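Here's a quick tour of a few spots worth a look. Keep the viewer open while you read.

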Amino acid sequence: MSEISVPQKRSLSQQCRRIVDAPLFNQIIIALIAINGVVVGLETSTWVLERYNGLLMGINQLILIAFMVEAAIKITAQGNRPWRYFASGWNCFDFSIIVLSLVPAAGPLATLARLVRVLRVLRLVSAFPELRLLVDTLLRSLPSMFHISLLMGIIFYIYGVAGYFLFHEIDPTHWRNLPIALLSLFRIVTFEDWTDIMYMAMETMPYAWIYFLSFVVMGAFVMINLFIGVVLNNLEEAKLRRLDELAMPPSQTEILRELRATQASLARLQKRLGDEMGNEKGTES
């Protein structure tokens, strides 16, 4: 029995691997994620819920079952090492969403269940390699962004304290204490009616524009460009790493898989040729 079961397991894993590698499989998953997003959006309409709540719930259940089947196929495709499925962070992300989707949609956890259905839309990120590349780039940029944020925090603190001492008597609404001053600086750096604050200060201090313009240059232009530069630099590095991965020689497992597929194709071709030759001999006789 064991001698029969092992080839059967290998054949099943190979079939699952072919399904996973097929472009149609990924396209179906993307379509299901898109449908899930549309259904979640429709659930925000009271009119739709009153008339089609049962239909929407049924579609949600079918999509959840499809995602569970997808995970089962991908795990089976790993053969005798199903734990390799969890070696990918994106697979862990997809699996965690599936597990959270099993939360009952009734009772005290109903709100959580609805939020999880919204999170399924995030699976579009894992379905598109380009989006995965962007997310990986952002994650790799976090350490550098932390240092830029630290520098920006220092600049905010210096300008916040200076703004309090300069303007708290002139404009107590925006500078009455340090937290409010920092909030006003955040408003300035987002360019949300920041000139109103500047003109109010300039009514008493004509040279107050030096403070505001210098902060806008430092806090907005310089810092934002630093963030953009870090992200672009990490994006180029991520693209180079991806090209290196594609240029890597195939592993022993991949070579053996291709050899088995080639042997199976040759066996089918040999059988077909044998059948055709047998038919020709039968015709001649």
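## A buried asparagine

N36 touches N60, I63, R117, R120 and V121, leaving aside residues up to four places away in sequence. This is a predicted model, by the way. N36 itself sits in helix α2, which covers residues 23-42. Is N36 buried or exposed? With a relative accessibility of 0%, N36 counts as buried, because the cut-off for that is under 20%.

## The bent helix

Now for helix α3, residues 46-76, which bends by about 85° at Y52.

## A glycine in the loop

Follow the chain on from α3 and you get to G79, in the loop between α3 and α4 (89-101). G79 has a relative accessible area of 31%, so it counts as partly exposed.

## A nonpolar patch on the surface

Over on the surface, L151, F191, V217, M218, F221, V222 and L226 form a nonpolar patch, and together they have about 560 Å² of accessible area. Which helix gives the most to the patch? That's α11 (residues 208-247), with five residues.

L226 is one of the patch residues, and its place is in α11. Its relative accessibility is 37%, so L226 counts as partly exposed.

Conventions. Residues are numbered from 1 along each chain as its sequence is written. This is a predicted model: local features need pLDDT of at least 70, side-chain atom pairs count only at pLDDT 80 or more; totals for chains, interfaces and linings use all residues. Side-chain values use heavy atoms; hydrogens and water are left out. Patches are made of residues with over 30% relative accessible area and no salt bridge: like charges are joined within 9 Å, nonpolar side chains (Val, Leu, Ile, Met, Phe, Trp, Tyr) within 5 Å. Accessible areas come from the Shrake-Rupley method with a 1.4 Å probe; for residues, only the protein chains shown count as cover. A salt bridge is a side-chain nitrogen of Lys or Arg within 4 Å of a carboxyl oxygen of Asp or Glu. Helices (H or I, at least four residues) and strands (E, at least two) are DSSP runs, numbered from the N terminus. Buried means under 20% relative accessible area, exposed over 50%, partly exposed in between (1.4 Å probe, protein chains only). The bend at a residue is the angle between axes fitted to the seven residues ending there and the seven starting there. Contact means heavy atoms within 4.5 Å.
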